[in-house]
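Trainee: I would like to learn how to read a fold from its model. Please take me through one.

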Amino acid sequence: HDKSINRFPSVPLSLHPARRVVRVVRVVAAMALDFSSEVFCCFAFYAMLLLLKMYFVAILTGQLRLRRKAFANPEDALRHGGLKFYRRDEDVERCRRLHRNDLECILPFLLIAVLYCQLEPSPAMARFYFRSFFLARVAHTFAYLYALPAPSRSLAYTLGLLPCLSMALKILINVASYW
């Protein structure tokens, strides 16, 4: 493809490259946030459920810290009974690992899925991907919190990874000609 073609007519080629990038990002963001699109609305629904799930895990971690009196910072321990409570607790650490895993998996999903929405996929296929990922992450959360026997957690993780990889592959196929 010819690099001199202006793919974003509302962004003049004469702009300084840094300002042009900022303007293009704004144009793309405006295109991506289309609540009249069934696919994007489906994405927004599952994205909000996933983010609420992450908040649930963060709140659960804080509540466990308070109940178990296991604080990560000395100032918190002092406020709740003394430095003897500046310690680790296995259940709190399990919640922290779950939260970190959510960050490592859900944030990439959100980016991949919003880009996937731009491909104008079939609503049924997009819903399948989004719902599959969400259900896999819920299963992963239960497997982590209740220490279910192996391989339940890794199976849930893998089932969540598959829609992400499929969407990412479809995106790459669609943009490969720009490489």
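**Reading the fold**

Mentor: The protein chain holds six helices and zero strands, where helices (H or I, at least four residues) and strands (E, at least two) are DSSP runs numbered from the N terminus. The model is predicted: local features need pLDDT of at least 70, side-chain atom pairs count only at pLDDT 80 or more, and totals for chains, interfaces and linings use all residues. Residues are numbered from 1 along each chain as its sequence is written, and side-chain values use heavy atoms, leaving out hydrogens and water.

Trainee: What share of the residues of the protein chain count as buried?

Mentor: Buried means under 20% relative accessible area, exposed over 50%, partly exposed in between (1.4 Å probe, protein chains only). Here 32% of the 179 residues count as buried.

Trainee: Which residues touch the most other members of the largest nonpolar core?

Mentor: A nonpolar core is a set of buried Ala, Val, Leu, Ile, Met, Phe, Trp, Tyr and Cys residues joined through side-chain atoms within 4.5 Å. In this one, with 25 residues, they are F43, F109, Y116, F130 and M167. Two or more residues come from each of α2 (38–68), α4 (90–117), α5 (123–145) and α6 (152–175). Helix α2 gives the most, nine residues.

Trainee: What does F43 touch?

Mentor: Contact means heavy atoms within 4.5 Å. Leaving aside residues up to four places away in sequence, F43 touches L110, A113, V114, C117 and F130.

Trainee: Is D102 buried or exposed?

Mentor: D102 lies in helix α4. It is buried, because its relative accessible area is 0%. Beyond four places in sequence, D102 touches K53, M54, V57, L107, R137 and T141.
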